[in-house]
Amino acid sequence: MKFKRKKEEIITPYTIEQCNSCNAILKRKFKEGDYVFKKTDTCSSCKGQMSIAKIFGEVSA
Amino acid sequence: MDFLGINVDKLLNFNDNSNPVMLLVMIVPIIIFVLYGQRIQLQVTSSEINKSLEKLKILKDDTRKELLDYIKTTIKPTTDPSAKIDRYLDYFTIMPVDMDPNGIIQKIRHIMRSREDYTRLQVKTISSEMNSMDASKIENILEAATTLHLLYKMVRHLYLTAKKQNNFPLILPLQMMIPFIMEEAEALKDAVSAFKQGQPIGDGIGPMIVGKMMIGTEKKTAAFETVWSEKEFEGRKLYLMKAEGPSATVGRPGDALERIISENKPDVIVMVDAALKLEGEDSGTVSQGFGAAIGGIGTDRYQIEEVATKYKIPIYAIVIKQSIKEAITLMKKEIADSAEKVTSQIHEMIKDNAKPGQSVLVIGVGNTLGVSQ
């Protein structure tokens, strides 16, 4: 019986930005300098303050 | 030959016409295995361990190279830091004598703090223009490189000793341990990438949850690299505490808790931390329990238990399950997504165990790299 070699997973880091007023969510690739709860741009829909809610890694397809 | 009614000659098909060469072909391997079986097994096992040892060497060398490259490109020191880093990789820590265990915790804490302070100082001497964030990242990468260096040296020592003395039993514990050692080594190697880029790691889930609860509050210093703030929640007063982010630090939760309790006397302590999952458990699973949820060498846990016992404050724990690799590498989505669930469980725990007018100390335990407050 031959065991299949486990494929190496490629994990891509993502940043989730959330608007503090309308809770709109923006998912983008992680940029260096990002950290959780960092205030970023203004919300494109309500002009509220966006901040980073999460940073995580997802396995690329 | 008739033994217990079984005719062995018939069974093995021996008769006067049997080929003696075939007989030898059957018997000689048995004799070889009886006489040299252990040596053959030693050769097979040692060749497997040798492959792992070579891989461990690559991981160790790569981590060292990554650390030096990171220092050279980010910090741009005026002198080559290689010699200083190589010297640090060989540093050792002598644990205190435990024949008389009385007071050993204070001794261990003193030795570990001295080592931490010295590392911090050594890292800062690489360049005077280094900020605290970069310094904390380098300290963590250095810790990973030092652990890999030590693992490599220990495995090599056991492997070479067993080979030199042809000692098969000596190689058996190493053969059993090598998959765990390799898993940890690969996790340490992968952790370097997250440290370099300042990304939150799985262990940072506790500080991330408490950090979110701290948003909009005034943060005060509780101890070295540890912050706390106050907040109201449904008539209860909350004292929130975590390591100061987004630097790569775990802070000093023991000292901070001692200070907060001496000043504010909370009625309940809730600790949120990452915990190692058992094989078969899903990452990001949330569990509740009792006692101080904090890892490390044990000095902080001892301090927290001592103070809580002195003031008779119950300690409740909420843990987020993950593997050793997930705990020290970039936070996985499943773990990050558990934050909302844990927050609601903290609120429920507070309402169940503290009456309105009482106060609760909530501690987010773990490395707060990439997580502010």
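This is a predicted model: local features need pLDDT of at least 70, side-chain atom pairs count only at pLDDT 80 or more; totals for chains, interfaces and linings use all residues.
Chain A contains four strands and zero helices. From the N terminus on, its elements follow the order β-β-β-β. Chain A has 61 residues, of which 23% count as buried. Among the contacts in chain A with a separation of 6 or more, 48% come from residues 24 or more positions apart.

Chain B is divided into two parts, with domain 1 covering residues 43-196 and domain 2 covering residues 202-364. The centres of domain 1 and domain 2 of chain B, taken over C-alpha atoms, are separated by 28 Å. Domain 1 of chain B gives 17 residues to the contact between them, and domain 2 of chain B gives 12 residues. On the domain 1 side, the elements that give two or more residues are helix H4 (104-124), helix H5 (132-164) and helix H6 (168-197) of chain B. H6(B) provides the largest share of this side, with eight residues. Sorted by class, the side of domain 1 of chain B that touches domain 2 of chain B consists of nine nonpolar, five charged and three polar residues.

The two chains also touch each other, with 13 residues of chain A in contact with 17 residues of chain B. On the chain B side of this contact, two elements give two or more residues, namely helix H7 (205-214) and helix H11 (333-337) of chain B. The side of chain B that touches chain A has eight nonpolar residues, seven polar residues and two charged residues.

Methods
Residues are numbered from 1 along each chain as its sequence is written. Chains are lettered from A and ligands numbered from 1 in the order in which they are written. Two residues are in contact if their C-beta atoms, placed from the backbone, lie within 7 Å. Ala, Val, Leu, Ile, Met, Phe, Trp, Tyr, Cys and Pro count as nonpolar, Asp, Glu, Lys and Arg as charged, and the others, Gly among them, as polar. Domain bounds come from an automatic or database domain assignment. A residue is buried if 20 or more other C-beta atoms lie within 10 Å of its own, exposed if 12 or fewer, and partly exposed in between; C-beta atoms are placed from the backbone.
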